[in-house]
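Have the model open while you read.

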Amino acid sequence: MRNKEIARIFNEIADMYEMQDIDFKPRAYRKAAQNIESLGKDIEEIYEDDELKNIPGIGESTAEEIKEYLDTGKVQRLEKLKTDMPVDLRSLSAVETIGPKKIKVLYQQLGVSNLDDLEQAAKQGKIQDLEGFGKKTEENILANISFAREKGQRFLLGYVLPEAKEIIQELTDQVDQIELAGSLRRMKETVGDVDILVVSSESEKVMDYFTNLDRVEQVIAHGKTKSTIRLYGGIQVDLRIVNKQSFGSALQYFTGSKDHNVKLRKIAQKNGLKLNEYGLFEDDKRKAGESEEKVYQKLDLEWVPPELREDIGEIDAAKQNSLPNLIQYDDVNGDLQMHSNWSDGSNTMKEMIEESRNLGHSFIAFTDHVGTLKVAGGMDKKEWEKQGEKIAEFQKKFDDIHIFHGLEANIKKNGDLDIDSSFLKEADVVLASVHSSFRLPKKEMTKRIIKAIENKYVHILSHPTGRKIQKKEAINLDLDAVFKAARKNDVAIEINAYPERLDLNDVHVHRAINKNVKLSIGTDAHRKDHLRYYSLGTAVARRGWAQKKDIINAFSLSKLKNFLNKTQ
DNA sequence: GCCGTTTTCGGCCCGACTGTTTTCAGTCG
């Protein structure tokens with residue numbers, strides 16, 4: 001799949017045009033990029049079938065440029081634009097409040113072309129004197145530059161996991177045993193690379209097969225027991241071949257985390273044993289190794305689910321047989337945030353409902369934007385009521401899925417919602433979320449959010465911290481105070497399952513459930529392909545030690561309705 | 001540059017917010 005690369009190129013072209021003050025082309029390229037990125041189908045296949053122009057937003061020139069890129073690895077248009085303005089656009093625009101226009105000025109006036117130049121110029125106080133800049137802008141640059149630097153070092157779980165699973169699928173027939181390891185198996189929100197472990201008697205054949213997969217851009221290492229490849233899109237994949245009798249201990253070893261493993265080895269040592277990737281040994285005698293369960297068992301520990309292996313108390317809990325009974329991936333019965341084309345989603349409600357039924361959901365909530373967020377198609381009351389009539393019709397047609405009619409309202413700067421209560425009280429599910437004024441001081445922000453939670457019509461505080469992984473920092477918030485208010489007012493806090501949000505994150509989930517706060521999983525899907533991300537929300541819940549009782553999506557429908565009926 | 005026609009040209013989600021100005025441009029969603 002090279003969709004992402006092409007999307008990146010089109011986005012870069014859009015940035016370049018924006019810098020040159022050219023109208024509309026940026027939007028066209030961005031739209032093309034967006035549609036390619038969430039295609040859910042391999043663009044090379046579409047090219048081979050000569051169907052590129054059937055992709056919405058792709059026309060004559062962009063289709064040609066996709067072909068050009070797939071054939072030659074370059075797009076001349078971008079190369080030319082880069083010669084005119086040789087700046088590292090992507091890392092520079094990762095600094096909040098710095099966009100194409102400002103970058104242009106910085107380059108032309110000060111010769112700034114990368115983050116190092118930018119930092120130097122800011123430190124020397126050269127930026128505040130530029131026209132359109134000022135002291136605050138300069139301070140802001142210095143404050144945000146390290147965040148911008150970290151961007152792009154790791155890959156998002158939600159985008160890597162499907163590809164890793166595909167690779168496993170492709171290899172399965174070639175091997176005796178296969179399993180994902182590493183941070184991907186622990187379902188960490190970002191991963192540095194992909195680790196795959198296999199058992200096979202024909203190691204050379206397996207390695208040849210692996211290094212010749214279609215998706216390989218470069219073979220970095222090709223050995224008998226370990227090979228490393230880099231995929232189109234940049235991520236590296238390690239494949240290791242181990243002996244059958246060591247598979248469990250190797251899986252344990254390569255799953256990590258490092259801290260978890262150090263503790264485990266210490267326990268082994270204390271008991272006169274030695275633990276490594278080849279097995280658990282007493283002198284030279286193998287006590288365990290074939291299965292992970294046996295390794296833990298021989299150390300007098302409960303088997304620890306991979307999501308918990310971060311050395312934050314799970315080993316003590318495993319010792320005392322008191323690991324939490326984690327929510328299971330199939331405990332989640334439905335999705336409590338999604339958007340249709342009634343606001344800014346791409347698919348019709350019918351398409352979203354059908355896909356949700358395919359995923360086995362027994363309930364969903366449409367939570368389209370309302371109110372002042374016009375850019376996201378915010379509906380007025382009349383439109384929203386029309387949507388409700390349509391939902392009632394669908395409900396008659398489908399008796400296997402319950403459809404809540406919800407909405408997503410904006411929390412204004414002062415904590416009020418941007419629609420009035422006569423509107424709010426008609427909704428089955430009210431999400432409240434921040435879409436503006438992200439940079440208030442902590443105290444003011446906390447007050448603002450708590451005010452929204454105290455609104456008696458609000459059921460769920462959605463994407464509570466607003467962070468986007470590697471893109472946008474969290475708002476400044478006293479989360480413990482927010483949790484306290486949420487519990488008091490019976491408001492659930494969302495685990496937004498969209499790959500770049502995962503907000504709340506695992507650490508926050510842990511804190512929330514310790515305060516008995518209920519949590520809600522919503523994909524925030526803006527097209528039907530996004531609906532499958534709900535399991536990422538479950539992964540975050542598991543990493544935060546959540547159980548079935550903590551997650552309202554795991555409630556029975558009647559219990560969930562009860563939870564949502566607080567104002568009636 | 002793409003789209004969809006009132007079919008080969010004209011329109012393209014736009015409002016809030018911030019920091020810069022002193023009435024507005026750039027950024028963000």
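1. There are seven aromatic pairs in this predicted structure. Two rings of Phe, Tyr or Trp (its six-membered ring) count as a pair if their centres lie within 6.5 Å; planes under 30 degrees apart are stacked, over 60 edge-to-face, and the rest tilted.

2. Take F10 and Y29: this pair is edge-to-face, with 5.4 Å centre to centre and 75° between the planes. F10 sits in helix α1 (residues 3–19) and Y29 in helix α2 (residues 25–37), so the pair ties together parts that are 19 residues apart in sequence. Helices (H or I, at least four residues) and strands (E, at least two) are DSSP runs, numbered from the N terminus.

3. Are F10 and Y29 buried or exposed? Both are buried, meaning under 20% relative accessible area; exposed is over 50% and partly exposed in between (1.4 Å probe, protein chains only). Together with Y17, F10 and Y29 make up one aromatic cluster.

4. Now look at Y159 and Y533, an edge-to-face pair at 6.5 Å centre to centre and 75° between the planes. Y159 is in helix α10 (residues 157–172), while Y533 is in the loop between β17 (519–522) and α23 (534–543), 374 residues apart. Y159 is partly exposed at 26% relative accessible area, whereas Y533 is buried at 9%.

5. On to the lysines. K559 lies over the face of F555, 4.1 Å from the ring centre, and K102 over the face of F133, at 5.7 Å. The rule: NZ of Lys or CZ of Arg within 6 Å of the ring centre and within 35 degrees of the ring normal.

6. Some housekeeping. Residues are numbered from 1 along each chain as its sequence is written, chains are lettered from A and ligands numbered from 1 in the order in which they are written. The model is predicted, so local features need pLDDT of at least 70 and side-chain atom pairs 80 or more, while totals for chains, interfaces and linings use all residues; side-chain values use heavy atoms, leaving out hydrogens and water.
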